[in-house]
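Please look over the sequence and the structure shown below before reading on. The paragraphs that follow lead through them step by step.

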Amino acid sequence: MGIFSSISNAIFGSDEEETAAPEAAAPAAAPQRAAISGVDVEQRIGSIPGSDKLNWKTSIVDLMKLVQIDPSYANRKELAQELGNTDYSGTAEDNIALHKAVMNKIAAAGGIVPADLKD
C-alpha cells in the first residue's frame, strides 16, 4: 500500500472495511472507493482529534501527522512520486504543491474538497 492509500484510508477507512465480502465469493476487480463520493473532506478531516492544533489545510506535513503517517522527507518524496512528481525536492513550494495534489486526487475520487484546498 502506498502513502496516498494510507492517507485516504486514514480519512475514509480501508477498502476492506468498506467492501467486506464473504471469502467464498469470487474475486472481483477492486472498486474505486465509492464511499468517498459525497464525503465532505474538510469536515471529515476536521473531526479527527487534534485537527484544530495542526495546519492540515495547507501543510502536507501536518496532514500526514494528523493521519498518523510519518511526514519524513523520504515519505513525502515517495508520495510525490506516487502522484507523478518525480522532481520533488522538499522545498516549501514542493510541499504546497504536494498538499494540493493530494487534495485534487481525493476530489477526483469523488470527495467534496473546497476549492481553496485544491489548485
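A residue is called buried when its relative accessible area is under 20%, exposed when it is over 50%, and partly exposed in between, as found with a 1.4 Å probe on protein chains only. The model is predicted, so local features need a pLDDT of at least 70 and side-chain atom pairs count only at pLDDT 80 or more, while totals for chains, interfaces and linings use all residues. Residues are numbered from 1 along each chain as its sequence is written, and side-chain values use heavy atoms, with hydrogens and water left out.

The protein has six helices and zero strands, where helices (H or I, at least four residues) and strands (E, at least two) are DSSP runs numbered from the N terminus. Of its 119 residues, 34% count as buried. Taking a contact to mean heavy atoms within 4.5 Å, residues 24 or more positions apart account for 48% of the contacts that have a separation of 6 or more.

Helix 1, which covers residues 3-12, is largely enclosed by the rest of the structure, because seven of its 10 residues are buried. These buried residues are Ile3, Phe4, Ile7, Ser8, Asn9, Ile11 and Phe12. Just after helix 1 comes Gly13, which takes a positive phi of about 95 degrees.

Two packed helices are described by the angle between their axes and the distance between the axes. Here the axes are lines fitted to C-alpha atoms, for helices over the stretch in contact, and angles run from 0 to 180 degrees between N-to-C directions. An angle under 35 degrees counts as roughly parallel, over 145 as roughly antiparallel, 65 to 115 as roughly perpendicular, and the rest as oblique. The axes of helix 1 and helix 5 come within 8 Å and cross at roughly 95 degrees, and the two helices are therefore roughly perpendicular to each other. In this contact, Ile3, Phe4, Ser5 and Ile7 of helix 1 meet Asn75, Glu78, Leu79 and Glu82 of helix 5.

Helix 5 (residues 73-82) also packs with helix 6, at an angle of about 55 degrees and with the axes 10 Å apart, which means that helix 5 is oblique to helix 6. On the side of helix 5, Arg76, Leu79 and Ala80 take part, and they meet Asn95, Leu98 and Val102 in helix 6.

Arg76, in helix 5, is buried, with a relative accessible area of 11%. Leaving aside residues up to four places away in sequence, Arg76 touches Ile60, Val61, Met64, Pro71, Tyr88, Gly90, Asn95 and Leu98. A polar atom of the Arg76 side chain lies 2.8 Å from the backbone oxygen of Pro71.

Ser59 is found in the loop between helix 3 (41-46) and helix 4 (60-66), and Ser59 counts as buried at 18% relative accessibility. The side chain of Ser59 reaches the backbone nitrogen of Asp62 at 3.0 Å.

Note on methods. Polar contact = N/O pair within 3.5 Å; in protein donor to acceptor, adjacent residues only side chain to side chain.
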